[in-house]
Amino acid sequence: MSHTPKLSRRAALAGAAAIPLAAATATAVQAEAPMLGTDEAPFKRVKLGSFEVTNLLAGSAVREDPQSIFGMNVDKAAFEEVSKAANIPTDKTRFFFTPVVVNTGSELVLFDTGLNAAGTTAALTAAGYSPDQIDKVVITHMHGDHIGGLMNESALTFANAELITGAAEMNHWAGAENERFDGIIRPNMERFTMIDGGASVASGITAMPAFGHTPGHMAYMLESDGAQLLLAADFANHFVWSLGHPDWEVLFDMDKAAAAATRKTMLDMMATDGIPFSSYHMPWPAFGYVERDGDAYRYAPHTYQLTL
């Protein structure tokens with residue numbers, strides 16, 4: 001006859017106490033995964049009628065003292081008040097660098113090339129494209145963070161692409177001295193097709209003058225199956241300090257009065273007509289809408305509207 005051993009009350013309590021201790025120990029061990037840092041997906045693709053529009057995260061950078069860049073013509077207290085209301089810091093800001101690929105169904109068109117070839121081609125590859133598939137490269141303006149990826153060392157990054165830019169923009173920089181332009185664009189000037197406002201760079205893609213940021217800065221309107229989206233480039237470079245306060249001066253705007261006038265005109269158009277936009281330095285993934293906010297505007301990030 002077998003006997004089942006009896007478990008004393010003291011032993012049962014001791015065993016029960018050991019269970020949470022063991023669980024806590026296991027949890028502590030499992031929690032020792034390495035910190036990976038903040039990160040973003042390298043691309044975001046939406047659809048516009050029969051087009052596919054893909055924003056590429058070619059890089060980002062933190063800059064100290066944002067009021068040395070935005071709101072240069074307002075006092076520190078006003079800048080801090082606006083920033084605090086939007087829950088953004090006043091000691092630093094983050095810039096995003098966002099080239100755009102538009103697939104019209106017959107052509108693959110890249111707008112701007114990022115800071116360097118490595119960042120742009122990495123995002124392009126992640127999005128499912130290769131540099132040799134790009135049919136056209138459109139440069140909105142000649143600042144270094146837009147032309148930097150055009151060359152990969154001594155070779156063109158997008159070897160099969162037609163190069164396009166605004167005539168006014170090219171004429172300005174060709175007559176100036178600028179290291180980035182001289183090293184990247186000047187050796188390839190004969191490869192460029194020069195256009196004016198209103199020109200079509202591909203079916204459904206129209207150039208729109210947006211001067212001020214640079215002398216020949218262009219935006220581009222996409223239209224497909226009755227839907228529109230504006231590629232804003234750099235006429236508004238911050239979702240609060242530019243949209244909420246279009247009169248605030250921006251360091252990189254070469255003609256600050258003209259840039260402010262352009263911002264107001266473009267923002268009013270988008271708010272009135274409900275046109276979504278992609279802007280080169282907006283918070284990633286850089287698709288959004290413009291809403292009226294009194295005499296100014298506010299940024300409404302895209303959610304799912306352009307995925308339906």
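**Getting to know this predicted model**

Residues are numbered from 1 along each chain as its sequence is written, and side-chain values use heavy atoms, with hydrogens and water left out.

**The surface patch**

- Phe252 sits in the loop between strand 15 (227-233) and helix 7 (256-273); helices (H or I, at least four residues) and strands (E, at least two) are DSSP runs, numbered from the N terminus.
- Together with Met72 and Leu251, Phe252 makes up a nonpolar surface patch with about 260 Å² of accessible area (Shrake-Rupley method, 1.4 Å probe, with only the protein chains shown counting as cover for residues).
- Patch members have over 30% relative accessible area and no salt bridge; nonpolar side chains (Val, Leu, Ile, Met, Phe, Trp, Tyr) are joined within 5 Å, and like charges within 9 Å.

**The sheet and its helices**

- Seven strands form an open sheet with mixed pairing, in the order 1-2-5-6-7-10-11 (two strands pair if DSSP finds at least two bridges between them).
- At the edges are strand 1 (43-48) and strand 11 (192-195), each pairing on one side only.
- From one strand to the next, the twist averages 20°; axes are lines fitted to C-alpha atoms, for helices over the stretch in contact, and angles run from 0 to 180 degrees between N-to-C directions.
- Strand 1 runs antiparallel to strand 2 (residues 51-56), with 6 bridges in the pairing, and Phe43 stands opposite Leu56 of strand 2.
- Helix 3 (residues 117-126) packs on the sheet, where it touches strand 1, strand 2 and strand 5 (100-103), and its direction makes about 135° with that of strand 2.
- Helix 5 (residues 167-174) lies across strand 10 (162-166) and strand 11, at about 85° to strand 10.

**A buried threonine**

- Thr120 is part of helix 3, and its relative accessibility of 1% counts as buried.
- Setting aside neighbours within four places in sequence, Thr120 is in contact with Leu56, Ala58, Pro99, Thr113, Gly114 and Phe158 (contact means heavy atoms within 4.5 Å).

**Salt bridges**

- The count comes to 9 salt bridges, each being a side-chain nitrogen of Lys or Arg within 4 Å of a carboxyl oxygen of Asp or Glu.
- Glu80 and Lys76 form one of them, with their closest N and O atoms 3.9 Å apart.
- Those two are 4 residues apart in helix 2 (residues 76-85), so about one helical turn separates them.
- Glu80 is partly exposed at 33% relative accessibility, whereas Lys76 is exposed at 57%.
- Lys136 and Glu107 meet in another salt bridge, at 3.3 Å from N to O.
- This pair links distant parts of the chain: Lys136 is in strand 7 (residues 136-139) and Glu107 in the loop between strand 5 and strand 6 (108-111), 29 residues apart.
- Lys136 is buried at 13% relative accessible area, while Glu107 is partly exposed at 23%.
- Asp293 and Arg298 also pair up, at 3.4 Å from N to O, and along with Glu291 they are linked in a salt-bridge network.
- Asp293 is partly exposed at 43% relative accessibility, and Arg298 is partly exposed at 39%.

How values were computed:
This is a predicted model: local features need pLDDT of at least 70, side-chain atom pairs count only at pLDDT 80 or more; totals for chains, interfaces and linings use all residues. Buried means under 20% relative accessible area, exposed over 50%, partly exposed in between (1.4 Å probe, protein chains only).
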